[in-house]
Amino acid sequence: MAKKLNVLFGYQGAFELTKEEEETFVRDFPDCSFRFGPPDNYTDEECAQADIFIGMFNPGQMQAAKNLKWLQASTVGVDRYEGYVDTKKTLVSNSRNLFNKCMGEHTFAMMIAWSRALLLQRDSQNRHEWVLHDVPSDLFDKTVAVIGLGGIGADVAKKCKAFDMHVIGVRRNLGDKPDFVDELYSLDQIDQVLEKADFVILAVPLTEQTYHLINRETLKKMKPTAYLLNVARGEVVDTDALTEALQNKTIAAAGLDTVYPEPLPADHPLWSMENVFITPHRANASPTTNRFRFKFYYENLRRYLAGESLKNQVKM
């Protein structure tokens, strides 16, 4: 009798399957032995015996997983695993396109919150005060720069276009301009894009090129009335430089779903700034995201066991 493949699911953040979904994996894939839970539940010995990881795992567990044949990351970015995966013997796939709509909605919610002064109005409500805060910006006719036109960035750009915004797209390689973008630039042209934008949205993967893409020099290129929104990785932004820019009013405000370090220390000045809106890495959370994950991971496991090519396979 052939040895069963050991499959560990690593639940972290918003990712957790229902009991019914777990039972479906166990029932439909009898050639596999499954364990489900947070990554901290697993010992190094269990990781060493694992054939497949699905979810999120820490560097120590990746180093212990000497027999790992396939890593299915529960995130879009796989930068956290660089240097810990032996790509000669381990396949890697990510969760690209599973979070496009919910992350697009989250980003747009932050834009509307700023443009309509909803955060200030909520603060006044909490104080039981009837205060008429100025509405700082309409969205229509404003220019938005979407840095990164992958699935998430494209969804944001489409929503912006539907609100009659002038949409500038930025990506590594130009190629054909999508219909929902008015102007298209390469990442090397980011300085001239920042000078035009009323809203700058970061939706790029973390790479050597995008590390601290937003720094002291690029922040100076932005309008003093501009808003920065980050739903990419925290390290795409130089936190110290952003803090200074917000304190000095170099830019108007920031909406941050990701920060560095994460979580942000309790005494960090960004927490108490009126012109900062922080959400704790929740843009990918939604009532439907885990349902998408279940269907996608189920299909990819079926493909793996059948010897077919994986969806969203990436090179590291």
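How many salt bridges does the count come to by this rule, a side-chain nitrogen of Lys or Arg within 4 Å of a carboxyl oxygen of Asp or Glu? The count comes to 18 salt bridges. The model is a predicted one, so to speak for its limits, local features need pLDDT of at least 70, side-chain atom pairs count only at pLDDT 80 or more, and totals for chains, interfaces and linings use all residues. Residues are numbered from 1 along each chain as its sequence is written, and side-chain values use heavy atoms, with hydrogens and water left out.

To start with the fold, there is an open sheet of five strands in the order 2-1-3-4-5, with parallel pairing. Strands (E, at least two residues) and helices (H or I, at least four) are DSSP runs, numbered from the N terminus, and two strands pair if DSSP finds at least two bridges between them. Strand 2 (32-37) and strand 5 (91-93) sit at the edges with a single partner strand each, so one side of each has no neighbour in the sheet. From one strand to the next, the twist averages 10 degrees. Strand 4 (residues 70-73) pairs with strand 5 in the parallel sense over three bridges, and L71 stands opposite V92 in strand 5.

Helices pack on this sheet too. Helix 1 (residues 19-28) touches strand 1 (5-10) and strand 2, and its direction makes about 165 degrees with that of strand 2. Helix 10 (residues 289-306) touches strand 1, strand 2, strand 3 (52-55), strand 4 and strand 5, running at about 165 degrees to the direction of strand 4. Contact here means heavy atoms within 4.5 Å; axes are lines fitted to C-alpha atoms, for helices over the stretch in contact, with angles from 0 to 180 degrees between N-to-C directions.

Back to the salt bridges. K223 and D198 meet at 3.0 Å, N to O. This pair links distant parts of the chain, 25 residues apart: K223 lies in the loop between helix 8 (216-221) and strand 10 (227-230), D198 in the loop between helix 7 (190-196) and strand 9 (199-202). D198 is buried at 12% relative accessible area, whereas K223 is partly exposed at 27% (buried is under 20%, exposed over 50%, partly exposed in between, with a 1.4 Å probe and protein chains only). E308 and R302 also form a salt bridge (3.0 Å, N to O), and salt bridges that share partners join E299, R302, R303 and E308 into one network.
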